[in-house]
Amino acid sequence: MTTPPKIYKTEAIVLKHFAIGEADYLLTMYTPNGGKLRAVAKGARRVKSKLGGHLEPLMRTSVLMTRGQNLDNINQAEVMEGFRVVREDLDRLSRALYISELVDAITPDEQPNYPIYRLLFEAMRSLNENAAPSLMPYFQLRLLDYSGFMPELYKCVECGSTLAPGHHRFTPDRGGSLCDSCHPLNVSVLPLSLDTLKVLRFLQRETYANIERLHLEQGTLLELERLMEALLRHVLDREVKATRFLNQVAQGRTSDGISTLTASNTKG
Ligand SMILES: [Zn+2]
């Protein structure tokens, strides 16, 4: 067995940071080859620190690290992509914060999972560019898949029969679809329309390039949202905090207040 090098370089997407000590940050980052890592950036909160502005949450950054006994230290950092458009638009920002919280909540420490890194990166890029409505359900479903929680979409989770076209239901507690005849007790059950089922299957097998162009009806989008939130709540055994912020911003978008604010932010 070889010991890992004391100094190493990696790119990372910063999930969050937390002020510790007099001028330091404790960071949680997601890396392509090391999974979720926590590291200390000493002095990063000092005005003159060379690390400042390169380690903000949601940035894609290149870091030079030294292995420590408990936590690794960040010696150098250089931002690769700041995703400026996301930061300046409340609607996109709320979605990005939800995405980063979700990755943080579902992934264990230091377990390499390159598909999750690629998904996170793809989602940040998409939010920065066109922020397609299909991004969120795609992100949620794929994150569940890459974490080992892909819902069953072809068979009834109760009796195992192949789903025939018709009215189906979905149970987040059992992680999948139910046929017409099964009515298990004491599990939460949500409606699952044929359209939504088809979209879920499409999200499960297609590349993001194809999904980005997918047009979703408002009703399907709402149903997807409800299903994914219920499934994630079941998997994580708690509410994702950023969901509330996400919903508040989404409501503002349809009523008016915030939409005016975001519109003025995106100009220029
Ligand atoms: Zn059944």
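**Strand S4 and the zinc site**

Modeller: Lys9 stands opposite Leu64, a residue of S4. This is a predicted model, in which local features need pLDDT of at least 70 and side-chain atom pairs count only at pLDDT 80 or more, while totals for chains, interfaces and linings use all residues. Residues are numbered from 1 along each chain as its sequence is written, and side-chain values use heavy atoms, with hydrogens and water left out.

Strand S4 spans residues 60-66; strands (E, at least two residues) and helices (H or I, at least four) are DSSP runs, numbered from the N terminus. On one side, S4 is joined by seven bridges to strand S1 (residues 7-20), and the two run antiparallel. S4 also pairs with strand S5 (residues 72-81), again in the antiparallel sense and over seven bridges. Two strands count as paired if DSSP finds at least two bridges between them. Within the second pairing, Met65 has Ile74 of S5 as its bridge partner. S4 and S5 form a hairpin, with five residues between them.

Of the seven residues of S4, six are buried, so the strand is largely enclosed by the rest of the structure. Here, buried means under 20% relative accessible area, exposed means over 50%, and partly exposed lies in between (1.4 Å probe, protein chains only). In a regular strand, side chains alternate between the two faces of the sheet.

The zinc ion has as protein donors the SG atoms of Cys156, Cys159, Cys179 and Cys182, which lie 2.3 to 2.4 Å from it. Donors are N, O and S atoms within 2.8 Å of the metal (3.2 Å for Na, K and Ca); water is not among the atoms, so sites may look incomplete. The angles among the four donor atoms are 106 to 114°, and the site is tetrahedral, a label given to four donors if all angles lie between 85 and 135 degrees. The ideal angle for four tetrahedral donors is 109.5 degrees.

Along the chain, the donors follow the spacing C-x2-C-x19-C-x2-C. Cys159, in the loop between helix H4 (135-146) and strand S6 (168-171), and Cys182, in the loop between strand S7 (176-178) and strand S8 (190-192), are 23 residues apart and link distant parts of the chain. Cys159 is partly exposed, because its relative accessibility is 44%. Cys182 counts as buried, because its value is 11%.

Note on methods
Four donors count as tetrahedral if all angles lie between 85 and 135 degrees; four count as square planar and six as octahedral if opposite donors are over 155 degrees apart and all others between 65 and 115; anything else is irregular.
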